[in-house]
Amino acid sequence: MRCLLICAASCAWLTSCGQQTPKTTIVIHSDTAVVVNSFDSTKIAGFFQHYPLLKANETEVMDFYRQRAFAYAWFDGGSLIEQASNLTSRILNFKSDGLSKATPYQPALDSLINQAEPNTKSHQPDIQMELMLTAQYFNFSKAVYEGIDVSASKASGWLLPRKKVAYSEYLDSLLKAPGKQLSEKEPVYRQYELLRTFLRKYSQLQAKDKWLPIVTTRKWALGDTASIFKLIRARLCKLDDFVGDTLSNAYDAQLQNGIKVFQDRHGLTVNGFLNKETVAELNIPLQRWITQILVNMERSRWLPVNLNADYVAVNIPEFKMHVYHADRLLWSCSVVVGKTEHPTTAFYGEIQYVVFSPYWNVPPGILKNEVLPGIKRNKSYLQDHNMEIIGRQNGLPVVRQKPGDDNSLGLVKFLFPNSYNIYLHDTPSKSLFGETSRAFSHGCIRIAEPAKFAAFLLKENANWDDTKISQSMHAGKERYVTLTKKVPVFIAYFTAFADRAGHLNFRKDIYNLDQRLADMLLLGTDVN
C-alpha cells in the first residue's frame, strides 16, 4: 500500500493564508487518512457566526484552544470520548441543575451528538461537534458554577464576595480523567450536589403523588388510633422520616419517632406531638419545597468551593454557628440573630480580635429609642443598667455600658471589622437559646458557647488556656487580644441545606429573601 508523509509544518501556503499551522504530522494512505489532531483556528470564528447566541463565549473558547495548540479536545482517534456524552446529557437535562432556561442550540447539540458515530472511512473528527461541545461547556458551566449576576445576588440580600471559577482549568481536568462525570469534583460548594440530589427526589415525588391535605384539629395522645395516622405514616415514609408499617392507624412510638425526625429537619420543636405547627409543615406543597431547594442551590453557587484552613459559618435561618477546619466540621452551637426589623446582614469578614470583659457602646438607634426614654422615666436608669455617659456627639450623649455579668455583650465579644457594625458576642440572656426561633437581636450575633469559641480562636496564641480565658471573661476590665491568624467568618442565609448526616433540612425564610431570588431565577424578574 502506497503512503505519503506530509509534515504540516512545511505547508507554507497554510501560514501564508493566515491560518494556524497544524502541529502534528498527517499520514495519508491511498484509501484512508489517519486522524488530524489539530484544526484550523479560523474555524472558531466561522462557528460563532453560525451560532451567534454562543458568541459571548468566543474569547474563552479561543483561549482554551490556543493553550492546547488548537488540538481537538473531545475526540480520540476520530471518536468522541466518554466525557462528551456525559456533558451533553447534563446539558440536555438542564432542569436537574435547577436551571429554568435551557442553553441555546440544544436541538443542534442533540443532533450533532447523535450523528457523531465515527466515520469508518475517514475517521476524522467533526469540527462542528468539537466547537459546539466546548462552547456549550462554557455557557452551561457559568450558569451552574457561577449563577446569576453579582448585582442580582446583592439585590437578594447576599453581600458575601462571589467566588471566581477557572473554567478552562476544570475543563482540562475533566478531559484528562476518563469516565469522569461532570459532577465529580466540580468547582462548586458541596451543598450544591447534595441539593441537586434532593431536587430530583422531590420533583419525582411531585410528579406521581397527589399530596392530599392532612386535616386534623384535635389533640392526639400516644396510643390513639385514627385513619389520619395512615396518611401521616405514608407521607413521612415518602420523605424518608419514617420506616415501618404505613398501613397502621395507630399513633405509636414508632410514628412518634418519625414525627420527631421530621420536626428536627424542619427546625421545629422536637417533641413527637402532632401539633398545629407540625401539621402545617406536613401540608406544605411540594412545589414550595422544590422552590426552596432551587433558591439555595443558587446560593451554593456563590460560595468558595473549599477552604484549607479554620473558618466559621453562621447560617442565619438555622440559628446556628458552625466551626470548621479544612471543611471538616469541628462543632456547632446555637446563635441568636437579628429581628425582622433589625436583620443580620449576610456578608464575609475575618475575625481579628477577641475582647474580654467588653464595654458596650450603645448604638444611636438604641440610644434614641430605649436609653433616652428610659432616662426620662427613671433618673437612676444609667446606674441601674451599669451605664455611663462619656461625652457628646451630634447633639446626643455618648453612652456605654460597663463590663460585667449584666453587660449586653456578655463577658466576651469577637470582632471582625465591617461596615455593618455586626460582630459575635456572649449574652447574659441565656434563656433565649432554648427557643426554637431565635431572631431577637438588633443585628449582632449572640453565641451560646463563647468560652469554647474563644479557646478555638486563641489556640494559636501562646498561654491562652481555659483558666486564663475564664479569668479574663470575669476580670471586669476590658482587654483586647489580637489573633495570631485572622479567621474567616461567613454569615450566610440558607433555608434549605443537607446536614452532615445527609438529611435535607428546611428552615423558615425569616427575612423573606427567598421569594425575590426565586422570581429572578424562575421568572427572570429585574433586580430593581
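This is a predicted model: local features need pLDDT of at least 70, side-chain atom pairs count only at pLDDT 80 or more; totals for chains, interfaces and linings use all residues.
**Entry 1: Leu 175**

I started with Leu 175 and looked up its neighbours: leaving aside residues up to four places away in sequence, it touches Phe 64, Arg 68, Ala 73, Trp 74, Ile 81 and Gln 83. Where does Leu 175 sit? I found Leu 175 in helix α8, which covers residues 167-176. Is Leu 175 buried or exposed? Its relative accessibility is 14%, so Leu 175 counts as buried, since the cut-off for buried is under 20%. I also checked one partner from the list, Trp 74. Leu 175 and Trp 74 are 101 residues apart in sequence, yet their C-alpha atoms are 7.6 Å apart in space.

**Entry 2: the whole chain**

Next I stepped back to the whole chain. How many helices and strands does the chain have? I noted 18 helices and 18 strands. The chain has 528 residues, and 47% of them count as buried. Then I looked up contacts between residues at least 6 apart in sequence: 64% of these join residues at least 24 apart.

I turned to helix α2 (residues 42-50) and helix α6 (residues 127-145). To describe two packed helices, one gives the angle between their axes and the distance between the axes. Here the axes come within 10 Å and cross at roughly 70°. Angles of 65 to 115 degrees count as roughly perpendicular, and α2 and α6 are therefore roughly perpendicular to each other. Which residues make the contact? From α2 I listed Lys 43, Ile 44, Phe 47 and Phe 48, and from α6 I listed Ile 127, Gln 128, Leu 131, Met 132 and Ala 135. Sorted by class, this contact has 7 nonpolar, 1 polar and 1 charged residues.

**Entry 3: the largest pocket**

On to the pockets. The largest pocket holds about 990 Å³ of space. It is lined by 47 residues, and the closest to its centre are Glu 318, Lys 320, His 322, Phe 497 and Arg 507. Which elements give two or more residues to this lining? I wrote down α11 (253-265), β5 (310-315), β6 (320-325), β7 (328-338), β16 (479-492) and β17 (496-498). The lining of the largest pocket has 20 nonpolar, 14 polar and 13 charged residues.

**Entry 4: two loop residues with positive phi**

Phe 319 is in the loop between β5 and β6. Its phi is near 60°, which is a positive value in a residue other than glycine. Phe 319 counts as buried because its relative accessibility is 6%. In the loop between β6 and β7 I found Asp 327. Asp 327 is not a glycine either, and its phi is positive at about 70°. Is Asp 327 buried or partly exposed? At 21% relative accessibility, Asp 327 counts as partly exposed.

**Entry 5: the second largest pocket**

I gave the second largest pocket a volume of about 830 Å³ in my notes. Its lining has 38 residues, and those nearest its centre are Trp 360, Pro 363, Ile 366, Leu 409 and Tyr 423. β9 (360-361), α14 (364-377) and β12 (412-415) each supply at least two residues of this lining. Which element gives the most? That is α14, with 5 residues. By class, I noted 19 nonpolar, 15 polar and 4 charged residues in the lining of the second largest pocket.

At 0% relative accessibility, Phe 414 counts as buried. Not counting residues up to four places away in sequence, Phe 414 has a list of contacts that includes Tyr 353, Tyr 423, His 425, Ile 447, Phe 453 and Leu 457.

My last stop was Lys 402, in the loop between β11 (396-401) and β12. Lys 402 counts as partly exposed, because its relative accessibility is 32%. Apart from residues up to four places away in sequence, Lys 402 touches Pro 358, Tyr 359, Asn 386, Glu 388 and Asn 407. I also looked up Lys 402 and Trp 360: they are 42 residues apart along the chain, and their C-alpha atoms are separated by 6.8 Å. Trp 360 was already in my notes, as one of the residues nearest the centre of the second largest pocket.

Notes: Residues are numbered from 1 along each chain as its sequence is written. Side-chain values use heavy atoms; hydrogens and water are left out. Axes are lines fitted to C-alpha atoms, for helices over the stretch in contact, and angles run from 0 to 180 degrees between N-to-C directions. Helices (H or I, at least four residues) and strands (E, at least two) are DSSP runs, numbered from the N terminus. Angles under 35 degrees count as roughly parallel, over 145 as roughly antiparallel, 65 to 115 as roughly perpendicular and the rest as oblique. Contact means heavy atoms within 4.5 Å. Ala, Val, Leu, Ile, Met, Phe, Trp, Tyr, Cys and Pro count as nonpolar, Asp, Glu, Lys and Arg as charged, and the others, Gly among them, as polar. On a 1 Å grid over the protein atoms alone, a cavity is a set of points where a 1.4 Å probe fits but cannot get out, and a pocket is an open set with protein on both sides within 12 Å along at least five of seven lines; lining residues have an atom within 4 Å of a point. Grid points are joined across faces, edges and corners, and a volume is the space filled by probe spheres set on the points. Buried means under 20% relative accessible area, exposed over 50%, partly exposed in between (1.4 Å probe, protein chains only).
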